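Me: I would like to go through a structure with you. Could you display it first?

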Amino acid sequence: MTRWPGIAQFQLTDNVAIVTGGSKGLGEAMAAGLASAGANLLLVSRNEDEAKAAAAIIADEYPVKAIGMAADVSSEEQVEAMVARCMEEFGRIDILINSAGINIRGPIEELSLEDFRKVQSINVDAMWLCCKHVAAVMKEREYGRIINMASTLGLVGLANRTPYATSKGAVVQMTRALGLEFALDKITVNAICPGPFLTPMNVPIAESEEAKKFIVGATAVERWGEMKEIQGASLFLASPASSYMTGSMLTVDGGWTAR
């Protein structure tokens with residue numbers, strides 16, 4: 001037997017992960033990364049067909065069980081149904097990745113209060129609900145890994161992003177508070193703060209002058225992040241390798257916040 005566990009700490013064989021927003025973008029990329037380490041998956045999206053399609057692709061690529069289901073995670077009733085489905089299918093929940101989110105951009109005077117509240121509902125309220133109901137299951141087994149998707153815009157500002165930046169700032173503080181709250185339950189709570197990744201949400205602005213100046217230009221590496229580049233951070237935080245880390249923000253931003 002080796003003295004140091006090394007790479008074995010990243011193995012997720014027989015672990016079960018719920019990934020909200022798991023049918024596309026960063027959620028899908030992270031789900032695939034966990035599957036590559038042996039985790040079984042419940043992918044959650046508002047669109048059932050997209051969730052099932054993503055799950056089928058991952059299950060075809062890796063020897064894991066992956067299921068897709070539809071749920072509006074801003075609804076407590078549907079979050080409870082999500083947790084119940086996972087327990088019915090797998091009997092356990094080891095990992096929760098809160099990746100569901102939206103972005104509504106624009107100057108504050110051109111946005112409505114409804115726009116602002118909609119972003120908070122999905123990016124903050126839904127995450128809080130998922131943490132609440134999944135943590136109840138994790139506490140019974142005295143083990144869990146919760147990963148909240150924050151953003152560099154939870155750490156620094158950007159004009160014309162008040163709904164999104166406000167929501168991600170809240171995610172940062174939620175992560176810190178829950179990291180403290182769950183520490184003695186052996187549940188870690190950390191956040192990933194991605195920089196500019198070329199997700200479906202960002203494709204519409206990718207070629208705009210604003211994106212080139214304030215997004216790509218703000219990174220030290222001067223480019224958009226590739227989807228595969230989020231997988232390492234999520235694998236680390238989802239695995240036993242991150243057992244001494246909680247309430248922390250892990251930036252994957254091409255050097256944006258280093259400036």
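Me: What should I know about the source?
Reply: This is a predicted model, in which local features need pLDDT of at least 70, side-chain atom pairs count only at pLDDT 80 or more, and totals for chains, interfaces and linings use all residues. Residues are numbered from 1 along each chain as its sequence is written, and side-chain values use heavy atoms, with hydrogens and water left out.

Me: Is Cys86 buried or exposed?
Reply: Cys86 counts as buried because its relative accessibility is 0%; buried means under 20% relative accessible area and exposed over 50%, with partly exposed in between (1.4 Å probe, protein chains only).

Me: Changing topic, how many residues of strand S5 are buried?
Reply: Six of the six residues in S5 (residues 144-149) are buried; strands (E, at least two residues) are DSSP runs, as are helices (H or I, at least four), numbered from the N terminus.

Me: Which strands pair with it?
Reply: Strand S4 (residues 95-98) runs parallel to S5, joined by four bridges, and S6 (residues 187-194) pairs with S5 in the parallel sense over six bridges. Pairing requires at least two DSSP bridges between two strands.
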